[in-house]
Amino acid sequence: MARRRMIDPNFWQSEDISRLSPFARLLFIGMISNADDEGRGRANTNYLKSIIFPYDDIRVAEVDKALSEISHNTSVVVYDVAHSKYYAFTNWTKWQRVDKPQISIIPPFEDHSENDSGISPELIENDSSLKEEKRREENIKDELTPSRKKIPPALEDVQAYCVERNNGVDAQRFIDFYESKGWLVGKAKMKDWRASVRTWESKNGGGSSEPKKIDGGFEL
């Protein structure tokens, strides 16, 4: 059971929050209320709908879209671990004070895209003291890499983004195509899958077909 949480008055003046639709703001507050003592929670959209809007006739697609807004515009990161979807408030300790916090049973978000310490991942994995130090460093970062930078993206994130843009792109086909290419765009590693979705829809008129082939390669 989540404890009572504080909504900082600065919430209403935040430029990040101002970019959210009114429904996404309500979902954001609901996620705060239901987060555990380390600022994490389950991000399955059916689950969020059931605990935050139990008496409202709201479609899961609406929750999906609002969750995408939140992950795109705020410091909340949405991530997958073992086929389950979670969220984490990366600035949680800056505006929540928890007396005798309970250890979270939800796995933390781990950003493997870079290692600022210069220490090999194998050494960190085998040295518990270094692992703890790395975790402390991650907890004080202002922001972690947002979900739009995570490669490969989760199917739910691609679906939500395509719904948001109303582009008719088949999210599963998009993922299958780039999975077969090793998530390369031309010869370079994909950096932003959302940009690739936009290029996909512009090159194909918003349809779900594969990118057009030219000169033995692909436009995307």
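1. In this predicted model, a salt bridge joins the side chains of arginine 59 and glutamate 62, with 3.8 Å from N to O. Because the definition asks for a side-chain nitrogen of Lys or Arg within 4 Å of a carboxyl oxygen of Asp or Glu, the pair qualifies at its 3.8 Å. Arginine 59 has a relative accessibility of 54% and is classed as exposed, while glutamate 62, at 30%, is classed as partly exposed.

2. A further salt bridge links glutamate 38 to arginine 40, and here the closest N and O atoms lie 2.9 Å apart. The two partners fall into separate accessibility classes, since glutamate 38 is partly exposed at 26% relative accessibility, whereas arginine 40 is buried at 8%. The class of arginine 40 follows from the cut-off, because buried means under 20% relative accessible area.

3. Aspartate 16 and arginine 19 also form a salt bridge, in which the closest N and O atoms are 2.6 Å apart. Arginine 19 counts as partly exposed, with a relative accessibility of 46%, and aspartate 16 likewise counts as partly exposed, with a value of 30%.

4. Over the whole structure the search finds six salt bridges, among them the pairs arginine 59 with glutamate 62, glutamate 38 with arginine 40, and arginine 19 with aspartate 16.

Note on methods. Residues numbered from 1 in each chain as written. Predicted model: local features only at pLDDT ≥ 70, side-chain atom pairs only at ≥ 80, totals over all residues. Heavy atoms only, no water. Buried < 20%, exposed > 50% of the residue type's maximum accessible area, 1.4 Å probe, protein only.
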